[in-house]
Amino acid sequence: MNCPEEVYLAEKLVEIHPWAEMARFARAGGEADAIAVRIARAASGKDKVAICGYHGWHDWYLAANLGDAKNLAGHLLPGLEPNGVPQELRGSVLPFNYNRIDELEALVAAGNVGVIMMEGLA
């Protein structure tokens, strides 16, 4: 379903980046995040996602507020009710604060973190 130009660009990207085996395109940042989380979970074999910053409105991200609506307070979504997010995702997203490596290390040490997602900050 891709146009020829997308296929050509993907081939060129893989050619100039020897570490890449394939390329995937997305239409928006939230979709790119969802794709990245799914690929990282599959590659690592681990389900938990450590996050820092805002990453959109996908269930995988909003699951951080399941059980505690304050979890995303420092990540631009204070008090957001995760209505419609499956309860089975509770505990799968673990927030940490930017520039607090101790918090991230503690999450990773606790186990089963397969993905670390960070918002780019200037």
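1. Arg100 is partly exposed, at a relative accessible area of 38%; by definition, buried is under 20% relative accessible area, exposed is over 50%, and partly exposed lies in between (1.4 Å probe, protein chains only). Please keep in mind that this is a predicted model, where local features need pLDDT of at least 70 and side-chain atom pairs count only at pLDDT 80 or more, while totals for chains, interfaces and linings use all residues. Residues are numbered from 1 along each chain as its sequence is written, and side-chain values use heavy atoms, with hydrogens and water left out.

2. Which residues does Arg100 pair with? Asp102 is one partner in a salt bridge, with the closest N and O atoms 2.7 Å apart. A salt bridge here is a side-chain nitrogen of Lys or Arg within 4 Å of a carboxyl oxygen of Asp or Glu. Asp102 is itself partly exposed, with 39% relative accessible area.

3. Arg100 also forms a salt bridge with Glu103, and here the closest N and O atoms are 3.4 Å apart. Glu103 counts as partly exposed, at 21% relative accessibility.

4. Now to helix H1, residues 4–16, where Lys12 and Glu15 sit three residues apart, about one helical turn. Helices (H or I, at least four residues) are DSSP runs numbered from the N terminus. Lys12 and Glu15 form a salt bridge, their closest N and O atoms being 3.6 Å apart. Lys12 is partly exposed at 30% relative accessibility, whereas Glu15 is exposed, with a relative accessible area of 56%.

5. For your overall tally, the structure holds three salt bridges.

Methods. Helices (H or I, at least four residues) and strands (E, at least two) are DSSP runs, numbered from the N terminus.
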